[in-house]
Structure formats: C-alpha cells, structure tokens
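Please consider the following briefing on a single protein chain. The structure is shown first, and the notes after it are grouped by topic.

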Amino acid sequence: MKIIHTIAELRAWRKTAGSVAFVPTMGNLHAGHLALVAQARAAAEHVVVSVFVNRLQFGQGEDFDQYPRTLEEDAAKLRDAGVSVLFAPSEQELYPRVRQDYQVEPPHLQNELCGQFRPNHFRGVATVVCKLFNIVQPDAACFGKKDYQQLAIIQGMTDDLNIPVRIIPVDTGRAEDGLALSSRNQYLSAEERREAPRLFRELQAVAQAVQAGNRDYSALQNAAAHHLQQHGWQVDYVEIRTQGSLHIARLGDTRLVVLAAARLGKTRLIDNLEFAAE
C-alpha cells in the first residue's frame with residue numbers, strides 16, 4: 001500500500017491505475033469503515049482511502065481539535081484490508097489558501113434534520129467530497145448509510161453536477177447490541193455505552209408501529225423522543241422521512257426511514273432505520 005500526502009503524487013499514480021473505488025474518511029477507523037473498504041474492493045481494481053479531518057464540517061464548539069487522529073493505526077488496518085493507496089493530505093495541502101472561498105452549497109435539505117443543529121456542516125462535507133472526487137477521480141465511492149443525510153446530499157451533488165462517480169451506499173455496521181459503529185462511541189462512559197443501544201431500539205419500535213398500521217407519525221416521533229428523554233438523552237430529533245430523498249413522509253409513502261440524533265452525556269449519536277410500510 002502506498003501512503004500519499006500530496007495531490008501531485010496522487011494524480012501521477014492515478015494516471016497509470018485502472019478502475020478505482022474511493023472511501024473518504026476522517027480516520028480513527030473501525031469495523032464500519034472496513035466494511036466500506038470491502039465493498040470498494042468488490043467494485044474496482046484499486047481502492048483509495050482518504051484520511052482527513054475536515055475543519056469545514058465542524059461547527060463552533062464541536063470536537064475538531066479533540067477528534068481522534070490515529071494515522072499509524074489506520075494505515076496498518078488499511079494495509080491489511082488490501083487498500084492500494086492511503087491519501088493523507090495535510091490541511092495546507094487541501095486548503096492552500098487557508099480558507100475555501102468557493103464552496104459547494106447544498107439545497108435546503110442541508111438545514112433540516114442534523115443541519116438544524118450543525119449549521120454549515122453539510123456545506124463543509126459537500127465541499128471536501130467534491131474536492132476529493134476531483135483529486136482522486138474515482139469510478140465509484142462508498143458511503144455508509146449511518147450518515148443517511150450525508151449520503152443523500154452527496155448523491156444529489158453527484159447527480160446535479162454530473163460528477164462521473166457511482167455512489168455505493170453501504171449498510172450501517174452495528175455492534176452485537178445494535179449500536180451503530182461510530183468513531184465517537186469511544187467518548188461514551190461505560191454506563192453510557194450500556195444505555196446507547198436504546199437509540200436503535202426506539203427506531204425499531206417506530207418502524208414496527210408503522211408497519212402494524214399506525215400512521216400518526218407525529219405521535220410516534222414524539223413518543224420515541226420522550227422515551228429517550230426519560231432515560232437521560234437530550235434529543236435533537238426523531239423523524240420519519242422518505243427513503244433516498246428525505247422528503248417529509250406523507251400518508252401513502254411506502255419506502256420510509258426513521259432517523260434520530262440525540263446526546264448521551266457529551267456524545268452526540270445518530271442512527272436511522274429504513275423500512276417498508278404497506
């Protein structure tokens with residue numbers, strides 16, 4: 001596996017490579033990331049994984065400075081996973097003018113769900129992914145469904161800007177107790193970690209209620225949020241939306257997803273569950 005730190009070297013490598021599948025990450029890799037790599041390996045001759053903690057997608061007071069940076073350990077995992085290239089640019093390499101004057105502005109979806117609580121987050125995500133697509137020139141790119149809103153925005157950006165990259169959604173990796181795998185899980189105390197799977201159980205309960213015929217989406221959302229609050233969670237939202245587009249769900253929609261974001265102690269967790277309503 002080659003470890004590349006500059007755009008020029010990566011572009012030189014890309015000229016002689018065959019098909020490439022790309023997995024953008026912020027590092028601190030876990031089993032969920034490696035599942036993305038496995039999907040990428042099945043999609044192309046070569047896999048490129050980027051590790052870059054993107055300042056643009058962190059808001060004021062968020063954990064940019066504290067975000068775990070574990071490049072040496074990440075490189076070992078990626079080497080074992082059969083990755084061809086680890087692209088690990090410095091901030092100066094990716095943002096040579098310090099700030100990014102030209103950015104990708106997603107539609108109103110960026111201000112809904114997580115966007116209500118993380119202003120400009122999805123602008124930062126879309127901008128860095130667009131830059132990385134331009135640098136890596138992949139044929140395909142893998143994104144996890146855990147970050148469902150991010151996936152929707154990246155798919156929309158790719159379609160609308162005619163970026164020739166096939167987006168491959170990958171199912172959420174979970175621990176045995178159902179907790180969605182996330183780099184931020186390590187922030188949880190032992191007690192919080194035992195409580196954390198409740199988030200997914202509430203999503204399952206909402207989906208089961210809808211599938212049993214309950215169409216009072218507002219009441220189901222409020223009940224799930226209330227149950228979480230009773231157990232010490234600070235809830236940002238629980239919402240039922242349509243799969244893919246994330247439009248607000250209406251009666252008659254059958255391909256649905258329930259999404260949630262909530263804080264347990266100081267740790268903000270997100271999760272979602274796709275389901276079909278007859």
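Lys145 counts as buried because its relative accessible area is 17%, where buried means under 20% relative accessible area, exposed over 50% and partly exposed in between (1.4 Å probe, protein chains only). The model is predicted, so that local features need pLDDT of at least 70 and side-chain atom pairs count only at pLDDT 80 or more, while totals for chains, interfaces and linings use all residues. Residues are numbered from 1 along each chain as its sequence is written, and side-chain values use heavy atoms, with hydrogens and water left out.

**Surroundings of Lys145**
- Lys145 lies in the loop between strand S5 (140-144) and helix H7 (148-160); helices (H or I, at least four residues) and strands (E, at least two) are DSSP runs numbered from the N terminus.
- Leaving aside neighbours within four places in sequence, Lys145 is in contact with Leu151, Pro169, Val170, Asp171, Thr172, Asn272 and Glu274, contact meaning heavy atoms within 4.5 Å.
- Pro169 is 24 residues from Lys145 along the chain, and the C-alpha atoms of the two are separated by 6.1 Å.

**Surroundings of Glu105**
- Glu105 is partly exposed, because its relative accessible area is 49%.
- The loop that holds Glu105 runs between helix H4 (91-94) and helix H5 (114-117).
- Apart from neighbours within four places in sequence, Glu105 is in contact with Gln110 and Arg123.
- From Glu105 to Asn185 the separation is 80 residues in sequence and 30 Å in space, C-alpha to C-alpha.

**Domains**
- Domain 1 (2-170) and domain 2 (185-273) divide the chain, with bounds from an automatic or database domain assignment.
- The centres of domain 1 and domain 2, taken over C-alpha atoms, are 26 Å apart.
- Contacts between the domains involve 18 residues of domain 1 and 16 residues of domain 2.

**Whole chain**
- The chain contains 10 helices and 9 strands.
- A compact globule of 278 residues would have a radius of gyration near 19 Å, and the value of 19 Å for the chain therefore agrees; the radius is taken over C-alpha atoms, and the globule rule is 2.2 Å times the number of residues to the power 0.38.
- The C-alpha trace spans about 55 × 40 × 35 Å along its principal axes.
- Of the 278 residues, 53% are buried.
- Among contacts between residues at least 6 apart in sequence, 71% join residues at least 24 apart.
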